[in-house]
Amino acid sequence: MSERIAARSLNNPWRVAGHYFFLVLLALICLTPIWVMISTSLKDQITIFDGKPIWFFFVPTIENYQDVMGAGKFDKYLWNSIIVATVSTFLTLLLGGLCAYSLARAEFKGRRFVANATLLVRMVPPAVLAVPAFSMVLAFNLRSDLMVLIFFYTALNLPFAIWLLFGFYKQIPVELEEAAIVDGASPLQVFFKVLLPLMKSGYAVAGIFTFRIAWNEFVLALLLTGRNTRTLPVAVSGYLTDTGVEWGRIMAMGTLIVIPPLLFTFFAARQIIAGMTAGAVKG
Amino acid sequence: MPGVGLNNVVKAYGSTVIIPDLSLDIRESEFVVIVGPSGCGKSTTLRMVAGLESVSAGTIHIRDRDVTYAAPKARDIAMVFQSYALYPHMDVAGNMSFALRLAGTPRAEIDQRVKRAAEMLELTDYLDRKPKDLSGGQRQRVAMGRSIVRDAYVFLFDEPLSNLDAKLRSTMRTELAILHKKLDRTMIYVTHDQIEAMTMADRIVIMDQGIIQQVGSPRDVYTAPKNRFVAGFIGSPSMNFLDGELHGSGSKLEVHGQGFKIPVSKRMQITANAAKDRRVTLGMRPEHFAATANKDGKYAALNLDVDVAEYIGSSQFLAASLGGQPITATVDVGPDAEPMGSGQYFFDTNRMYLFDRASGEAL
Ligand SMILES: Nc1ncnc2c1ncn2[C@@H]1O[C@H](COP(=O)(O)OP(=O)(O)O)[C@@H](O)[C@H]1O
Ligand SMILES: [Mg+2]
């Protein structure tokens with residue numbers, strides 16, 4: 001039925017044109033800000049503030065990049081970001097996976113409720129947690145320690161990771177584990193040889209979300225980091241100065257910040273496809 | 001005694017008792033089929049033998065060794081699951097060799113064993129396919145293959161054929177029987193399908209509500225069911241049950257009920273005389289009805305009101321009633337007969353069964 005409608009609509013040139021119009025529009029909406037960021041990062045201060053915006057024809061300069069990367073602590077901030085994002089992603093997947101597995105396999109009343117309720121926690125915006133988080137960190141005198149951010153990002157991301165992985169684990173029939181046990185697999189072998197290969201897509205999806213959030217998060221990072229523990233998003237805000245906003249440098253840094261999560265996503269997305277082709281879990 | 005022994009095994013989930021007290025001895029190399037309606041505790045029993053389910057009380061022995069608390073891999077068992085439970089990310093060869101690889105079997109031996117099992121199951125051309133690229137029947141055979149490369153002491157099957165279509169199922173039944181002959185291993189097979197049980201088993205265990213109702217050869221349980229449950233469960237279409245009373249005495253003993261009076265066969269007379277004042281249930285298998293009387297006179301004439309006569313080749317299946325109670329019969333009238341109508345039919349009284357109406361036990 002719906003296929004027939006789809007087929008008929010594809011025969012109508014106006015409809016096809018309409019479809020493409022919408023797709024192009026959506027693509028433009030998504031891509032324009034990125035182009036503005038990249039192009040601005042390649043302009044000097046004068047070109048940027050030149051009366052009307054220039055979209056394409058200007059003389060590119062890498063001055064902003066040199067500035068940003070040369071400025072004292074860029075390496076340090078990049079390193080902080082990488083540590084915080086990867087370690088908290090690793091912890092989230094490890095702990096979230098264990099929780100999700102227990103929720104999916106253990107039999108107790110209200111299990112599904114618990115699994116879904118984890119999502120509610122996720123509804124709380126991080127900014128709301130900023131003040132309590134800040135006072136906790138003060139109380140334990142932990143400011144300027146990267147562990148603090150890792151800890152908060154893990155806590156922040158766990159609910160979503162648990163909920164997502166719970167759904168993936170639910171799809172794997174218990175019989176697969178039992179078959180492996182009968183075949184002589186130890187608990188660790190059951191996990192690494194049977195469950196993990198089938199959970200690749202699940203962990204990849206959860207990993208992408210977790211990594212991106214940890215990488216981009218700003219409010220908590222601003223409050224909870226000191227001079228040496230800043231992450232890149234916080235460092236960007238340093239270019240909002242009393243004497244003006246340095247758009248060129250902000251955009252250059254923004255462009256640099258986007259690269260690692262892009263690489264991470266490409267890598268993880270490969271696992272999603274690997275997981276999907278690993279195949280029909282149900283016989 | 002070698003083989004598999006369950007001794008006073010109890011299984012309860014909390015306060016719900018699934019299996020109150022089960023004892024069963026299975027001989028070495030025997031093909032035992034546990035059959036019973038859905039939910040009666042067959043899978044639970046099998047899974048306790050496998051070690052996938054703990055026992056609440058009692059002991060389990062495999063090959064003279066108490067394995068009650070042993071892990072599955074220490075029990076020398078192989079198991080085929082109803083859903084096959086093939087590893088989706090491994091190809092057929094990978095699925096079949098998984099257990100051997102875990103056990104650290106040398107590569108050459110693994111290859112050889114997988115090859116032999118694949119030949120036996122006609123899977124040689126599919127060894128590098130993933131389960132999702134196989135048909136239902138092929139998946140089923142891979143599941144079998146995965147267990148036979150193990151060369152385990154006991155093979156456990158939990159309704160392995162129930163996801164196949166009727167034709168494939170009967171082919172696989174035959175293949176399984178052949179496999180059992182070739183491997184000569186102890187096999188415990190669980191099913192709700194009495195035809196599977198009858199065709200494959202050396203011995204049948206009939207279970208209901210966690211209790212073994214009868215253990216015996218297919219012939220035993222068909223010809224001498226211990227109670228009404230077994231009588232109704234074994235045989236297809238199932239046995240007719242009619243309420244009745246015993247009248248007369250000695251060799252003149254008869255069962256009287258609504259619309260029928262049937263003389264009790266010689267075979268039944270002694271036991272039936274002893275139970276004369278009890279209310280009974282008369283059991284008649286549909287296949288023991290006929291359209292014409294036999295010369296030896298051991299037939300009772302009954303007037304059946306036939307509602308429908310279904311053509312099934314050389315015989316016809318009758319959905320009828322006798323004195324207002326529904327009754328089924330299959331009568332052998334040859335492939336060319338007209339649909340049968342209401343009238344007189346003949347029941348072979350030598351084949352009658354009598355049950356105590358209150359307890360359901362056979363007289
Ligand atoms: N984990 C469990 N908790 C409670 N009851 C269970 C559990 N597993 C099975 N049962 C019950 O035990 C009974 C027997 O189940 P099962 O052995 O699977 O039956 P069968 O294989 O004969 O169809 C069923 O009534 C089922 O509801
Ligand atoms: Mg079952």
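These legends go with a few close-up views of a predicted model. Because it is a prediction, local features need pLDDT of at least 70 and side-chain atom pairs count only at pLDDT 80 or more, while totals for chains, interfaces and linings use all residues. Residues are numbered from 1 along each chain as its sequence is written, chains are lettered from A and ligands numbered from 1 in the order in which they are written, and side-chain values use heavy atoms, with hydrogens and water left out.

**View 1. Who sits around ligand 1?** The shell is B:Tyr13, B:Ile18, B:Ser38, B:Gly39, B:Cys40, B:Gly41, B:Lys42, B:Ser43 and B:Thr44; a residue gets in if one of its heavy atoms lies within 4 Å. Sorted by class, that gives 3 nonpolar, 5 polar and 1 charged residues, with Gly counted as polar and Tyr and Cys as nonpolar. Helix H1 (residues 42-50) of chain B supplies the largest share, 3 residues; helices here are DSSP runs (H or I) of at least four residues, and strands (E) of at least two.

**View 2. Zooming in on the atoms of ligand 1.** B:Tyr13 has a polar side-chain atom 3.5 Å from a ligand nitrogen. A backbone N or O atom of B:Gly41 is 3.0 Å from a ligand oxygen. On its own, ligand 1 exposes 560 Å², and the protein buries 56% of that (Shrake-Rupley method, 1.4 Å probe).

**View 3. An open sheet in chain B.** Its 5 strands run in the order S15-S19-S16-S17-S18, with antiparallel pairing; strands pair if DSSP finds at least two bridges between them. Strands S15 (289-290) and S18 (325-332) are the edges, each pairing on one side only.

**View 4. Two strands side by side.** In chain B, S16 (residues 299-312) and S19 (residues 343-348) pair in the antiparallel sense over 6 bridges. Look for B:Leu302, whose bridge partner in S19(B) is B:Tyr345.

Methods. A polar contact is a pair of N or O atoms within 3.5 Å; within protein, one must be able to donate a hydrogen and the other to accept it, and residues adjacent in sequence count only if both atoms are side-chain atoms.
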